[in-house]
Amino acid sequence: GFVCNERQHSKNHHVQFMRDKTIAFFAMTRDVWIILLLTIAFQTLIHQSFFAVGSVRPMEKPRFVSDIERKELRKEVVDMFNHAWDGYMRCAFPKDELRLMSCSGMESPIVGGHALTLVDSLDSLALMGNRTEFEKGVRWVIRNLRFDHDITVSVFEANIRLIGGLMSAHFLASDPTLFPVAGYRGELLQLGEDLARRLLPAFDTPTGVPYGTVNLMHG
């Protein structure tokens, strides 16, 4: 009898333990379930609205693109890029950006005064096959671009557009199988490293979350 009672007690304890764990699990995850259900409901509503009578039909299956069409589309992309590039160089360079309405240049309020569009477009020039403009851009950056300025810049934009542009152009210009530039000695890499070091103080914060902006000269 004693053994049976102990077994029954152990069984009851196990059942109660599992019940408590189950309740605790659903209590902790109820917000997750609510979010999941709301997401499903929202997607269902969007699906019904999108495919309602008289609205946009479901996207057709992708069709085969012939070699002729592919070449035409590629040429169209290159022509569009060249149009934008020529407009910037003619009306805005060496400013950061082109004002589309006035056809004039302006300095970017987030990275100010570093020929942003030029640096950001170097790799695109190479990809578009414009070797002449790529080499001209690389040489101009080497001669003119410096970061020892008393200005405050966006850490995010300076990182993805300036450092990103310098690094990608460096890899293209330094690889003899890609777009080598005669006499290139890694100057773009040095500029990118210099800028990266100037951004580092933004990551020295009490919380570990970086600041959104940093002064390039004083941190």
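This is a predicted model: local features need pLDDT of at least 70, side-chain atom pairs count only at pLDDT 80 or more; totals for chains, interfaces and linings use all residues.
Colleague: How many helices and strands does the protein chain have, and what pattern do they follow?

Modeller: The protein chain has 7 helices and 4 strands. Along the sequence the pattern reads α-α-α-β-β-α-α-β-α-α-β. Of its 219 residues, 26% are buried.

Colleague: How do you know that the span of helix α3 agrees with its number of residues?

Modeller: Helix α3 covers residues 67–91, which is 25 residues. At 1.5 Å a residue, α3 should span 36 Å. The end C-alpha atoms are 36 Å apart, so the two values agree.

Colleague: Which residues of α3 are buried, and what covers them?

Modeller: Phe81, Trp85, Gly87 and Tyr88 are buried in α3. Their cover includes β1 (97–99), α4 (116–127) and α5 (131–144).

Colleague: What makes Tyr88 buried?

Modeller: The relative accessible area of Tyr88 is 3%. Buried means under 20%, so Tyr88 counts as buried.

Colleague: Why is Phe93 called partly exposed?

Modeller: Phe93 has a relative accessible area of 25%. The class runs between 20% and 50%, so Phe93 falls inside it.

Colleague: Why is the pair of Trp85 and Tyr88 called tilted?

Modeller: The structure holds 4 aromatic pairs. In the pair of Trp85 and Tyr88, the centres are 6.0 Å apart and the planes are at 45 degrees. Ring centres must lie within 6.5 Å to pair. Stacked needs under 30 degrees and edge-to-face over 60.

Colleague: What makes the pair of Tyr88 and Phe93 edge-to-face?

Modeller: The ring centres of Tyr88 and Phe93 are 6.2 Å apart, with the planes at 80 degrees. That angle is over 60, so the pair is edge-to-face. Trp85, Tyr88, Phe93 and Trp140 form one aromatic cluster.

Colleague: How do you know that Asp67 forms a salt bridge with Arg70?

Modeller: The closest N and O atoms of Asp67 and Arg70 are 2.7 Å apart. The cut-off is within 4 Å, so the pair qualifies as a salt bridge. The structure holds 7 salt bridges. Asp67 and Arg70 sit 3 residues apart in helix α3, about one helical turn. Residues three or four places apart in an α-helix point the same way, because there are 3.6 residues a turn.

Colleague: What makes the bridge of Asp120 and Arg161 one that links distant parts of the chain?

Modeller: The closest N and O atoms of Asp120 and Arg161 are 2.9 Å apart. Asp120 is in helix α4 and Arg161 in helix α6 (residues 155–174), 41 residues apart. Asp120 is partly exposed, at 27% relative accessible area.

Key: Residues are numbered from 1 along each chain as its sequence is written. Side-chain values use heavy atoms; hydrogens and water are left out. Helices (H or I, at least four residues) and strands (E, at least two) are DSSP runs, numbered from the N terminus. Buried means under 20% relative accessible area, exposed over 50%, partly exposed in between (1.4 Å probe, protein chains only). The expected span of a helix is 1.5 Å times one less than its number of residues. Contact means heavy atoms within 4.5 Å. A salt bridge is a side-chain nitrogen of Lys or Arg within 4 Å of a carboxyl oxygen of Asp or Glu.
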